[in-house]
Amino acid sequence: MENLTQELLDELECKTAFTIPVAGGIPVPVSVVVTWIIMAVIMAATLIFVRNLKIVPTKPQTIIEGAVEWLYNFLGDIVGENGREYIPYLGTVLIYIGISNIIGVFGLTPPTKDLNVTAALAIMSIVLIQVASIRSKGVKRWIRSFAEPAPFIAPLNVMELVIKPLSLCMRLFGNVLGAFVVMELIKIVAPAVVPIPLSLYFDFFDGFIQAYVFVFLTSLFLQEAIEE
């Protein structure tokens, strides 16, 4: 159990990959480096799959177009017609978190195990939601919306600006870390025969589920913010 506690503390530690020798040294966390790798993979995949597009699509192009159509239909049903312009951002976050959660299978540290990363994702989403609300309602209506449906609950509505990103952040971080703790406990109980199906579940299925939940909740908050 002491070994598990130490491993858990190691997982919580924000490790530095290297230091940029500028202004006394700027530490670059491992999560940032892995994020750069994920960005490079996504960009490379994008360039590969979108080149040589044809009017009569080939099989790979059909698969990609089907995935994009499914994404727009799925998120479009949540955010509504007025929120369809934000689907590219939501789709990008979905892909990033999904890859981040499963990249540990390839020997890299998942960025979503870094609380700073999950906090940044949550803050970005909430800032987008508030900007979308201002664009949809105007500044005056946006300010008045904090006093709806009654003025006395305005403080609670203002608190939601902090509560919503905090809930998104801690839910994503807690589930990713929780999966690691469960797998370590399984290794202790059955060190000789670690259940591979459970490993695949927590590394793949649960990772994609967490990405889905994060984007789904962000979409719901966005729909609430821009609805008439």
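**Pockets, packing and buried residues**

Guide: At least two residues of the lining of the largest pocket come from each of α2 (30–50), α3, α4 and α5 (115–137). Please note that this is a predicted model.

Visitor: Which helix gives the most to the lining of the largest pocket?

Guide: The lining of the largest pocket comprises 27 residues, and I42, T46, G91, T92 and I95 lie nearest its centre. With nine residues, the helix that gives the most to this lining is α4.

Visitor: At what angle do helix α3 and helix α4 pack?

Guide: Two packed helices are described by the angle between their axes and the distance between those axes. For α3 (residues 59–79) and α4 (residues 87–102), the axes are 10 Å apart and the angle is about 115°.

Visitor: Which residues of α3 and α4 make the contact, and what is the hand of the crossing?

Guide: From α3 come L71, Y72, L75, G76 and V79, and from α4 come I87, P88, L90, G91 and L94. These residues divide into eight nonpolar, two polar and no charged. As for the hand, α3 passes α4 in a crossing that is right-handed.

Visitor: How many charged residues are in the lining of the second largest pocket?

Guide: The second largest pocket has a volume of about 480 Å³. Of its 20 lining residues, K137, S145, E160, E224 and A225 are the closest to the centre. Divided by class, the lining has seven nonpolar residues and four polar ones, while the charged residues number nine.

Visitor: Which element gives the most to the lining of the second largest pocket?

Guide: Two or more residues of this lining are given by each of α5, α6, α7 and α8 (196–226). The element that gives the most, with five residues, is α5.

Visitor: Which residues line the largest cavity?

Guide: A search of the whole structure finds one cavity of 30 Å³ or more, and the largest cavity holds about 40 Å³ of space. Helices α7 and α8 each supply at least two residues of its lining, which divides into four nonpolar, one polar and one charged. The lining residues are L168, R171, L172, Q210, V213 and F214.

Visitor: Is V176 buried or exposed?

Guide: V176 lies in helix α7. Its relative accessible area is 11%, and the cut-off for a buried residue is under 20%. V176 is therefore buried.

Visitor: How many Å separate the C-alpha atoms of V176 and N101?

Guide: Leaving aside neighbours within four places in sequence, V176 is in contact with N101, T112 and K113. V176 and N101 are 75 residues apart along the chain, yet the separation of their C-alpha atoms is 7.3 Å.

Visitor: Which residues does I153 touch, not counting those up to four places away in sequence?

Guide: I153 lies in the loop between α6 (139–144) and α7 (154–189). I153 counts as buried because its relative accessibility is 18%. With residues up to four places away in sequence not counted, I153 touches F146 and E148.

How values were computed. Residues are numbered from 1 along each chain as its sequence is written. This is a predicted model: local features need pLDDT of at least 70, side-chain atom pairs count only at pLDDT 80 or more; totals for chains, interfaces and linings use all residues. Side-chain values use heavy atoms; hydrogens and water are left out. Axes are lines fitted to C-alpha atoms, for helices over the stretch in contact, and angles run from 0 to 180 degrees between N-to-C directions. Helices (H or I, at least four residues) and strands (E, at least two) are DSSP runs, numbered from the N terminus. A crossing is left-handed if the near helix is turned anticlockwise from the far one by less than a right angle, and right-handed if clockwise. Contact means heavy atoms within 4.5 Å. Ala, Val, Leu, Ile, Met, Phe, Trp, Tyr, Cys and Pro count as nonpolar, Asp, Glu, Lys and Arg as charged, and the others, Gly among them, as polar. Buried means under 20% relative accessible area, exposed over 50%, partly exposed in between (1.4 Å probe, protein chains only). On a 1 Å grid over the protein atoms alone, a cavity is a set of points where a 1.4 Å probe fits but cannot get out, and a pocket is an open set with protein on both sides within 12 Å along at least five of seven lines; lining residues have an atom within 4 Å of a point. Grid points are joined across faces, edges and corners, and a volume is the space filled by probe spheres set on the points.
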